[in-house]
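Hello,

Here is the structure I promised to pass on. My notes follow below it.

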Amino acid sequence: MANIKKGDLVQVITGATQARGGDRGKQGRVIEVQVEKNRVIVEGINFVKKHVRVGQTQRGTKTGGIETVEAPIHVSNVALIDPETKKPTRVGFRVEQVTKDGVTKNVRVRYAKKSGKDL
């Protein structure tokens with residue numbers, strides 16, 4: 001089970017401060033997780049300019065130019081936000097037994113280490 005999943009609220013914990021034009025301290029939702037590269041794309045963080053070749057659509061409108069898109073960030077540079085304190089926290093896992101229709105299953109649950117709340 002992964003520490004950070006799509007849809008989680010995370011905070012950037014490294015890099016240049018916001019006063020210096022960086023993203024440290026900013027919070028955002030995870031749009032995509034790239035497991036094989038250990039990277040995440042976070043909404044509104046790490047914007048880069050992407051140059052797209054000019055083309056035409058079926059209707060004849062022009063596409064392309066310079067777009068700003070979110071670039072991936074390494075997983076170690078972001079921390080999950082604790083739902084109770086709204087501050088960065090580490091993630092822990094615990095195994096709980098869930099009984100449903102007379103069948104007992106062991107389920108791994110993510111929890112915030114600071115407050116102990118389930119994520």
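Strand E1 (residues 9-12) pairs with E2 in the antiparallel sense, over 3 bridges. Two strands count as paired if DSSP finds at least two bridges between them. Strands (E, at least two residues) are DSSP runs, numbered from the N terminus. In this pairing, Leu9 stands opposite Arg29 in E2.

A note on the source. This is a predicted model: local features need pLDDT of at least 70, side-chain atom pairs count only at pLDDT 80 or more, and totals for chains, interfaces and linings use all residues. Residues are numbered from 1 along each chain as its sequence is written, and side-chain values use heavy atoms, with hydrogens and water left out.

E1 also pairs with strand E7 (residues 78-81), antiparallel, through 3 bridges. Gln11 faces Ala79 of E7 there.

Strand E2 (residues 27-34) pairs with strand E3 (residues 39-42), again antiparallel, over 4 bridges. Glu32 has Ile41 in E3 as its bridge partner.

Now the whole sheet. It is open, has 6 strands and runs E6-E3-E2-E1-E7-E8, with antiparallel pairing. E6 (73-74) and E8 (88-89) are the edge strands, each with a single partner strand, so one side of each has no neighbour in the sheet.

Back to Gln11, which lies in strand E1.

Best regards
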